[in-house]
Amino acid sequence: MKEAKVLLYYLYREIVDVEGEKDWQLRTCEELDILGRVRIAREGINGTVGGAVDSIVEYEKRMTKRELFRGIDFKSSMAESVPFSNLFIQVRPEVVTLGVDRSKVDLSAAGVHLTPEEFHEEILQADDHTVVIDIRNEYESKIGKFEGAVGAPLRQFSDLPRVATSLVDQLQLKDKKVLMYCTGGVRCELGSALLRSYGVDQVFQLGGGIHNYLETFRSGGLFLGKNFVFDERIAVGPPDKEPQHQLAFGRCDRCEESFDDYSAGRRCRYCRVLVLVCDNCAEASCEFECTNCPALVSKPTKTRRKRKEKWSAASADVPENSAERVISF
Ligand SMILES: [Zn+2]
Ligand SMILES: [Zn+2]
């Protein structure tokens with residue numbers, strides 16, 4: 001029985017009193033026994049929270065009552081239990097870290113929002129002048145993506161400015177119609193605005209992301225596999241597709257057998273990115289390296305140890321627990 005509810009939301013709107021907002025969120029979540037992650041910035045808010053159904057309904061009510069969050073779009077899903085083990089509310093410079101001078105990215109020029117039905121139709125009608133781009137991290141796309149979509153491919157969202165520059169050339173995006181999607185929509189706001197700042201005019205984004213699409217096309221539609229989520233559920237399949245009919249879209253990095261389970265939390269020993277390695281392969285060797293690990297790109301001999309140390313230090317603040325990684329795309 002699914003008794004917990006998970007809420008996903010974001011809003012780009014100026015929050016003048018970020019510390020006051022942090023206090024409000026802390027107070028409200030503690031009072032309602034809600035767990036999860038909320039990221040607050042001057043430019044807006046981004047949250048994934050979970051709790052008992054009544055608590056989440058009340059939280060939603062209190063949020064929408066406030067002038068500041070008028071019109072905020074909540075996306076919800078049910079879960080067997082609350083998929084978070086703590087509450088983490090932080091004030092950060094950006095709602096999503098893009099790693100580029102933000103004054104050059106005009107959010108008001110973001111791609112046109114499409115409804116799930118419109119996005120679906122656009123993919124069906126796609127010709128040589130249409131490119132569907134998945135701007136999530138590579139490990140997310142490995143277990144599920146839209147038919148025919150091109151992966152960015154990113155290790156983390158802040159790689160996008162660099163990766164997008166080469167995608168624009170490689171895929172000749174300036175002459176094409178770009179259909180972009182991510183998990184819940186927030187990354188597309190920034191990603192589509194970034195592409196437009198690179199001179200790509202025709203950019204469309206899936207409003208509410210894969211999450212919204214699967215709520216509309218509840219058996220999966222054109223989305224293959226599962227949606228990677230940043231809480232303890234890790235991956236969520238189409239709601240109306242029985243688990244036994246959800247074939248794994250992913251493949252083990254090593255043996256290429258069908259596999260899509262990240263729950264063991266296997267990570268590259270150098271850069272700590274999630275690796276998709278099946279149980280059999282993990283039994284054979286429990287030391288993992290990701291494909292084209294940036295910590296090992298140059299000669300993995302003498303410099304290997306140094307690089308490894310550097311990367312371990314750099315990624316030391318990446319918590320092991322998947323739920324800790326929420327909103328840190
Ligand atoms: Zn394997
Ligand atoms: Zn690696």
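Does Met-180 count as buried or exposed, and what does its surroundings count say: how many C-beta neighbours lie inside 10 Å? Met-180 has 25 such neighbours, and since 20 or more are needed for the label, it therefore counts as buried. Keep in mind as we go that this is a predicted model.

Let's stay with Met-180 for a moment. Met-180 belongs to strand S10, which covers residues 177-181. Leaving aside residues up to four places away in sequence, Met-180 touches Gly-111, Ile-133, Ile-135, Cys-188, Gly-191, Ser-192, Val-203, Phe-204 and Gln-205. Gly-209 sits 29 residues from Met-180 along the chain, and the C-alpha atoms of the two are separated by 9.1 Å.

Now step back to the whole protein. The chain has 329 residues, of which 43% count as buried. Its secondary structure consists of 9 helices and 14 strands. Among contacts between residues at least 6 apart in sequence, 65% join residues at least 24 apart.

Next, some helix packing. Two packed helices are described by the angle between their axes and the distance between the axes. Take helix H5 (residues 160-170) and helix H6 (residues 186-197): their axes lie 10 Å apart, at an angle of about 50 degrees. H5 and H6 are therefore oblique to each other, and H5 passes H6 in a right-handed crossing. On the H5 side the contact uses Leu-160, Pro-161 and Ala-164, while H6 brings Gly-191, Leu-194 and Leu-195. By class, the residues of this contact are 5 nonpolar, 1 polar and no charged. You have met Gly-191 already, as one of the residues that Met-180 touches.

A second pair is helix H3 (residues 116-124) with helix H7 (residues 209-216). The axes of H3 and H7 come within 9 Å and cross at roughly 95 degrees, which makes H3 roughly perpendicular to H7. Here Pro-116, Glu-117 and Phe-119 of H3 meet Asn-212, Tyr-213 and Thr-216 of H7. The contact of H3 with H7 contains 3 nonpolar, 2 polar and 1 charged residues.

Finally, a word on confidence. The protein averages a pLDDT of 89, and 90% of the residues score at least 70. Over residues 312-327, though, the pLDDT is below 50. That stretch has 25 contacts in the model beyond near neighbours in sequence. Where pLDDT is low, the predicted coordinates should not be read in detail.

How values were computed. Residues are numbered from 1 along each chain as its sequence is written. Chains are lettered from A and ligands numbered from 1 in the order in which they are written. This is a predicted model: local features need pLDDT of at least 70, side-chain atom pairs count only at pLDDT 80 or more; totals for chains, interfaces and linings use all residues. Axes are lines fitted to C-alpha atoms, for helices over the stretch in contact, and angles run from 0 to 180 degrees between N-to-C directions. Helices (H or I, at least four residues) and strands (E, at least two) are DSSP runs, numbered from the N terminus. Angles under 35 degrees count as roughly parallel, over 145 as roughly antiparallel, 65 to 115 as roughly perpendicular and the rest as oblique. A crossing is left-handed if the near helix is turned anticlockwise from the far one by less than a right angle, and right-handed if clockwise. Two residues are in contact if their C-beta atoms, placed from the backbone, lie within 7 Å. Ala, Val, Leu, Ile, Met, Phe, Trp, Tyr, Cys and Pro count as nonpolar, Asp, Glu, Lys and Arg as charged, and the others, Gly among them, as polar. pLDDT is the predictor's confidence in each residue, from 0 to 100. A residue is buried if 20 or more other C-beta atoms lie within 10 Å of its own, exposed if 12 or fewer, and partly exposed in between; C-beta atoms are placed from the backbone.
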